[in-house]
Amino acid sequence: MAMAPELRGDAEAMQQLLEDEQLGAALRRPYRPHWLHLGWIASTAGATVKGIPIPRTWRDSEEKKFTLKDGGTVSLDWWQGQHTDRPVVLVLPGMANSSRSIYIRYTMARLAEAGFQAVAMNYRAVEHLEITSPHIGCADTWKDLPEVLDVIEAECPAQPIFAMGFSMGGTILTKYLGENGQQSRLRAAVAVSCPLAYPAHQAELEKRKFLSFLMAQPLKLWLFKKREQIAKLWPHCEMSQVMMSGSLLTVAGYFFEHQGYHTVSDYFLQNDPEPVLQRIACPLLILGAKDDPLMMPVPRETIAQNKHLILVETEDGGHMGWAGKGTLGPQIFGSSWADGLAARFLAFHAKMPVLRSRL
């Protein structure tokens with residue numbers, strides 16, 4: 001039997017959310033996985049498929065590249081062009097994904113239906129972006145967000161900005177929020193399936209060798225496509241050794257030294273969101289599944305100490321799975337339980353009746 005999600009957080013804050021007719025109903029609604037998504041492996045596999053980039057002809061967005069102060073190149077992909085009269089939601093993809101990934105397109109479309117201007121960030125060197133500085137996109141992208149928000153504010157002046165991050169994108173988002181506190185410039189945010197206790201997450205990856213091996217494959221594919229650029233920047237990096245690596249941590253280790261980290265552990269320690277979760281000053285909804293191995297361990301006690309944080313966990317869903325119960329096509333590869341709940345949460349904090357009526 002399907003169970004309602006488990007909620008953790010400040011009692012007063014949760015009561016306010018539950019009293020809202022639409023958001024309260026969404027928070028109480030049981031998550032029922034499609035029969036093809038039973039079990040975390042099947043759910044995660046479905047999410048992996050949705051990480052594939054879509055063909056160029058299917059894209060309904062406008063991408064704009066810009067150069068960061070240190071020479072790195074990133075881009076913002078605006079859904080259906082720019083609408084400067086709408087609140088903005090910055091969407092942060094997971095590792096080795098981009099604004100072209102299927103699940104990011106679905107999320108942007110869902111946010112647009114709710115009345116937001118969705119815009120996804122493409123990290124340094126991701127897929128179609130060239131490497132123009134020694135630094136490549138990873139969990140420390142939280143340091144790039146101030147410049148990214150400067151661009152969004154210039155493009156959409158006077159509009160409130162929200163954010164939604166998936167997996168590594170959620171880690172980036174929560175780290176940024178904690179480091180900047182009341183100066184974050186974000187009205188509210190949603191973090192989906194993201195590891196929040198980063199050193200412990202590293203230990204979990206070391207124990208789950210087969211999972212680490214699987215996670216390394218899309219990263220190796222990404223790096224292989226960039227091999228000529230990498231050879232120019234880091235001539236001592238042996239791409240053949242990278243391709244032969246059997247774990248995510250080993251692959252990452254070849255490049256972390258070029259990012260200013262002495263060891264892999266140093267990287268996880270410096271980008272750990274948990275120590276700064278108490279400094280987050282805007283409403284943050286954290287969505288996770290209890291059977292998601294990539295989110296383990298969840299620092300539930302730390303989360304409960306900040307009144308601005310609400311943790312919502314389903315029993316099933318795997319890593320970014322959450323396809324709902326229903327017909328095969330739109331539910332398996334289309335709409336997501338997380339997208340719907342996130343849109344309602346952000347619309348609640350946007351406090352605009354026109355947004356509420358579209359949900």
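Modeller: A residue counts as buried under 20% relative accessible area, as exposed over 50%, and as partly exposed in between (1.4 Å probe, protein chains only). This is a predicted model, in which local features need pLDDT of at least 70, side-chain atom pairs count only at pLDDT 80 or more, and totals for chains, interfaces and linings use all residues. Residues are numbered from 1 along each chain as its sequence is written, and side-chain values use heavy atoms, with hydrogens and water left out.

Colleague: Is Phe213 buried, exposed or partly exposed?

Modeller: Phe213 is partly exposed, because its relative accessible area is 35%. Phe213 sits in helix H8 (residues 209-225); helices (H or I, at least four residues) and strands (E, at least two) are DSSP runs, numbered from the N terminus.

Colleague: Turning to the sheet, in what order do the nine strands stand?

Modeller: The order is E1-E9-E8-E7-E6-E4-E5-E3-E2, in an open sheet with mixed pairing; two strands pair if DSSP finds at least two bridges between them.

Colleague: Which strands stand at the edges?

Modeller: Strands E1 (6-9) and E2 (61-67) do; each has a single partner strand, so one side of each is left without a neighbour in the sheet.

Colleague: And in which sense do E4 and E6 pair?

Modeller: E4 (residues 88-92) and E6 (residues 161-166) pair in the parallel sense, over five bridges. Val91 stands opposite Met164 in E6.

Colleague: Which strands does helix H4 touch?

Modeller: Helix H4 (residues 102-113) packs on the sheet and touches E2, E3 (73-79), E4, E5 (117-122) and E6, where contact means heavy atoms within 4.5 Å.

How values were computed:
Axes fitted to C-alpha atoms, helices over the stretch in contact; angles between N-to-C directions.
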